[in-house]
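Thanks for coming, everyone. Please have the viewer open while I talk.

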Amino acid sequence: MPEITFREAINQALAEEMERDDSIFIVGEEVAKYQGAYKVTQGLLQRFGEDRVIDAPISESGFTGVGVGAAMVGLRPIVEVMTFNFSLVAIDQIINNAAKMRHMSGGQLKVPMVIRGPNGPAHQLAATHSQALESIFAHIPGLKVVVPGTPKDAKGLLKSAIRDDNPVIFMESEVMYGLKGEVPEGEYTIPLGKTDVKRKGKDITIVAYGKMVSLVLQAAGTLASEGIEAEVVDPMTLRPLDDGPIVESVKKTNRCVVVSEAWPFASVASEIGYRVSSKAFDYLDAPVELVTAEDVPMPYNKTLEHNALPTLEKVLNAAHSVLYKK
Amino acid sequence: MSDYAIETNKSDGFLKEEYLSLGRARLVEMYRTMVLIRRFEEAAAKAYSMQKIGGFLHLYIGQEAVAVGAVAALRDDDYLITAYRDHGHAIARGTDPKKLMAELFGKYTGSSKGKGGSMHFFDAQRNMLGGHAIVGAQVPLGTGIAFKAKYRKEDRVCLTFLGDAAMNQGAFHEALNLAALWKLPVVYIVENNMYGMGTAVDRASAVTELHKRGCAYGIEGMVADGMNVFAVYDAVKEAARKARELSLPTLLEVRTYRYRGHSMSDPDSIYRTKQEVEEEKQRDPIEQMKKFLLGGKIATQKEIDTVEEDVKKIVAECVEFAEKSPEPPLESMYDDIYV
Ligand SMILES: Cc1ncc(C[n+]2csc(CCOP(=O)(O)OP(=O)(O)O)c2C)c(N)n1
Ligand SMILES: [Mg+2]
């Protein structure tokens, strides 16, 4: 299998799907002439032309709403937000319109669109530009939320997201775009709403998604050197959440840590923790531990930023804690 | 090249008697502030390349006349608020540049104790209510600040800076309507540097005469040369007067240019030519001001040189202060979340 970057994987998914279906168009800031603020849409303008790869002014509420409207009548928009922090400007269109249309119309309408872009902190971008916002979207019935952690997953999941007839929030990361990984050569898709086991293990279950998958796999390596075999479980789609494999894993390992770079309060991590606690209650040998962002707006300072996020050390500590090891 | 770039200013346009009435000292001070902003930012760019500064660093180089001319036209008790390209505004307002450099370095002695960085310079004491990083977000805030001035029957105004591209946000339009509807003492000053990131104004705005975009709300538009500190000064003075005396908002477009990329990581060659940048530099605001000072015999070459030396020293002190300042303690991440 060829190794490509996360960025290229997404770019391939976009190009392949646009090739397949002319109802798909991309709109967003700097997606066309500039080739993408993070170069994810590189070459698409040249390939598909300016009718389908469209530079928008800084009008997130406007162009996201345009996407919803176009989707209601049969197009399949892909709205790129420069980062998900800016999707907050469009949150009304996403939550009140995209997520509700199917239900409110009693099934008459559908909104087949993807809203995608980087989510979560990058490097020292401070409070408004460093937010992992998946829990907010995952809170909303009517939305699907996908957060891939590898190039292969990104490509396969994005293709499914584009083909899905529901509004899908697809969250990437600035700091993952350069991440390399093996990606199958031919056409493939990965279904939404299916949890994946990224590493087999018998001693502890560590649940992670998105950027945290790499960190947790690294932690699993360290734990292995201590004789602890961690099972790393990646839900990939946060809503709908396929909790079956997570619960199955915990039934085997009896211990669970959930790692997420979002805030802890009312979060995806706390939801997973709750489901494990209730569905595998009799199997747990220790309370589920969460490793999340600190409950603070992101400080600019580099050291503070690092310490406000899950770190290798924090993951190891949590693992040791549920294993009652020091 | 954007199709509505304005004519290069002839330096004789500067020589108006009325500017002389500002007084020699004040005029040299305005020049000094522009030079300070530029050298401060050059030092910041250098520190950024040495990774002493992180995150996004948006340089104001080329636009100095806007902040300096506009702030000079305000009273100390007037308010101002701006976007993330905020170094010039804070320096023009008189914030200690040491604190600002320390903030860029993420230090505890910084204006936001290392929590804000480049995009979030605040100096509440000087009524500088921040740099704001969500495009357009500060426009309703500036409007609300003006609301307070009116509510309290103070004759203060709020100068609300924004970029050309920020005019395309809904927040801008909602705020302008409110300001007109409620007759608020606010001056919206659009720093039209011809681009929002890589997108030229005519690719983002259906109407490229940006000052005309207030007409939908019955807000008077003005336009001024943003490379000429006095043109900015005059325009803001007049707009602030209308705000203060008549409680009327104004939409002032100043035409300027940013010499550097959008931020330190922006390859601007994708969307503009070197030639365009070089052409724009011909109307450099600092050079024009210098010509005015020398030509009008307001300052001697020696005084100009002294400004340069003084500023160099100040900037070196800023960097040293920032380097030597302590890191914020880890626990401080929990400070200042609630009052
Ligand atoms: C809501 C929102 N969308 C996108 C961005 C990313 N972004 C930051 S600055 C910028 C361009 C703004 O241009 P302009 O308003 O003209 O100001 P300038 O940078 O030229 O000073 C963009 C797209 C953002 N910070 N906030
Ligand atoms: Mg601009």
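Where is the place of Thr195(A)? Thr195(A) sits in the loop between β8 (180-182) and β9 (196-199) of chain A. Helices here are DSSP runs of H or I with at least four residues, strands are runs of E with at least two, and both are numbered from the N terminus.

Some ground rules. This is a predicted model, where local features need pLDDT of at least 70 and side-chain atom pairs count only at pLDDT 80 or more, while totals for chains, interfaces and linings use all residues. Residues are numbered from 1 along each chain as its sequence is written, chains are lettered from A and ligands numbered from 1 in the order in which they are written, and side-chain values use heavy atoms, with hydrogens and water left out.

Back to Thr195(A). Is Thr195(A) buried or exposed? Thr195(A) counts as buried, at 13% relative accessibility. The cut-offs are these: buried is under 20% relative accessible area, exposed is over 50%, and partly exposed is in between, with a 1.4 Å probe and protein chains only. What does Thr195(A) touch? Leaving out residues up to four places away in sequence, Thr195(A) touches Val233(A), Asp234(A), Pro235(A), Asp242(A), Pro245(A) and Ile246(A). Contact means heavy atoms within 4.5 Å. A polar atom of the Thr195(A) side chain lies 2.5 Å from the backbone oxygen of Asp242(A).

Next, a helix in chain A. Helix α5 (residues 91-98) has the buried residues Gln93(A), Ile94(A), Ile95(A) and Ala98(A). Their cover includes α3 (60-72), β5 (114-118) and β7 (168-172) of chain A.

Now salt bridges. Side chains of opposite charge can pair when their charged atoms come close. The rule asks for a side-chain nitrogen of Lys or Arg within 4 Å of a carboxyl oxygen of Asp or Glu. How many salt bridges are there over all chains? The count comes to 52.

Take Glu16(A) and Lys159(A). Their side chains meet in a salt bridge, 2.5 Å from N to O. Glu16(A) is in helix α1 (residues 6-20) and Lys159(A) is in helix α8 (residues 151-163) of chain A, 143 residues apart. Glu16(A) counts as partly exposed, at 27% relative accessibility. Lys159(A) is buried, with a relative accessible area of 0%.

Lys159(A) also forms a salt bridge with Glu187(A), the closest N and O atoms being 3.4 Å apart. Glu187(A) lies in the loop between β8 and β9 of chain A and Lys159(A) in helix α8, so the pair ties together parts that are 28 residues apart in sequence. Glu187(A) counts as exposed, at 54% relative accessibility.

Over to chain B. Arg244(B) forms a salt bridge with Asp78(B), with the closest N and O atoms 2.7 Å apart. That pair links distant parts: Arg244(B) is in helix α9 (residues 229-246), and Asp78(B) is in the loop between α3 (64-72) and β1 (79-83) of chain B, 166 residues apart. Asp78(B) counts as buried, at 0% relative accessibility. Back in chain A, salt bridges that share partners make one network, which includes Glu16(A), Lys159(A) and Glu187(A).

How do the chains meet? The contact takes 38 residues from chain B and 32 residues from chain A. About 2,800 Å² is buried between them, and carbon and sulfur atoms give 63% of that area. Buried area is the accessible area (1.4 Å probe) that two parts lose on being put together, summed over both. The rule finds 14 residue pairs in polar contact across this interface, both residues at pLDDT 80 or more. A polar contact is a pair of N or O atoms within 3.5 Å; within protein, one must be able to donate a hydrogen and the other to accept it, and residues adjacent in sequence count only if both atoms are side-chain atoms. How many salt bridges cross the interface of chain B and chain A? The rule finds 1. Asp55(A) forms a salt bridge with Arg203(B), and the closest N and O atoms are 2.6 Å apart. On the chain B side, α5 (97-104) and α8 (201-204) are the elements that give two or more residues.

Last stop: Ala47(B). Ala47(B) lies in helix α2 (residues 24-49) of chain B. Ala47(B) counts as buried, at 7% relative accessibility. Leaving out residues up to four places away in sequence, Ala47(B) touches Lys52(B), Ile53(B) and Phe105(B).
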